[in-house]
Amino acid sequence: MISERVGVPESATKVAAVPQHVVAVARATVQQAAGLVAAIFLLLGICGLVPGLTTEYGLLKMAGPRSAAQLFGVIDVSVLHNVIHLVFGAVGLTLGNTRQGARRFLAVGAAASLALGVYGLVVPRASPANVVPFDAAGSWLHVGLAAIMAALLLCWRAPEKIAHTGEPLRRKEDVSSFG
């Protein structure tokens, strides 16, 4: 080969021939956090549909108040509740592919979880408005998940600065002095 004649080992030319878009890019920490939260929601949604992990599985309702099925024997669940967790987890994994999407997922997810938790605490358990269904344990779990997502979001509230290869990071003052 030509590369061997000029003193470049063949293995070096093979590595250099790999397209740049194939090279794996490290995920930002906020993306990892969003992925972890999304995985937790997926796991909760799956567990809620597994007999044994969900007690009184035969009494699992599609939706509505007073579900007798309970995840881990503690939290009222329905098919709707589990589907919401599965969809939310899938959305989180999808949005977590970018830094901005991961932040958006954590922000909107925290707000939605807080709203669902408060809704569950306010709406009476036997009320027809309790369609998900919510009980005190589930409501407090949603409030706790909202707090965790908000805390993760606040840890990475500022965009991370990245320099492209060969491009130095520039301060705002340096850029404005040219104009």
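**Aromatic rings and burial**

Guide: Phe 41, Phe 88 and Phe 105 form one aromatic cluster. The model is predicted, so local features need pLDDT of at least 70 and side-chain atom pairs count only at pLDDT 80 or more, while totals for chains, interfaces and linings use all residues. Residues are numbered from 1 along each chain as its sequence is written, and side-chain values use heavy atoms, with hydrogens and water left out.

Visitor: Why is the pair of Phe 41 and Phe 88 called edge-to-face?

Guide: Rings of Phe, Tyr and Trp (its six-membered ring) pair if their centres lie within 6.5 Å; planes under 30 degrees apart count as stacked, over 60 as edge-to-face and the rest as tilted. Here the centres are 4.6 Å apart and the planes stand at 75 degrees, so the pair is edge-to-face. Phe 41 belongs to helix α3 and Phe 88 to helix α4 (residues 79–95), 47 residues apart; helices are DSSP runs of H or I with at least four residues, numbered from the N terminus.

Visitor: What makes Phe 88 buried?

Guide: Buried means under 20% relative accessible area, exposed over 50%, and partly exposed in between (1.4 Å probe, protein chains only). Phe 88 has 19% relative accessibility, so this residue counts as buried. Phe 41 is also buried, at 3%.

Visitor: What kind of aromatic pair do Phe 88 and Phe 105 form?

Guide: The pair is tilted, with 5.0 Å from centre to centre and 40 degrees between the planes.

Visitor: Why does Val 50 count as partly exposed?

Guide: Val 50 has 31% relative accessibility, and therefore counts as partly exposed.

Key: Helices (H or I, at least four residues) and strands (E, at least two) are DSSP runs, numbered from the N terminus.
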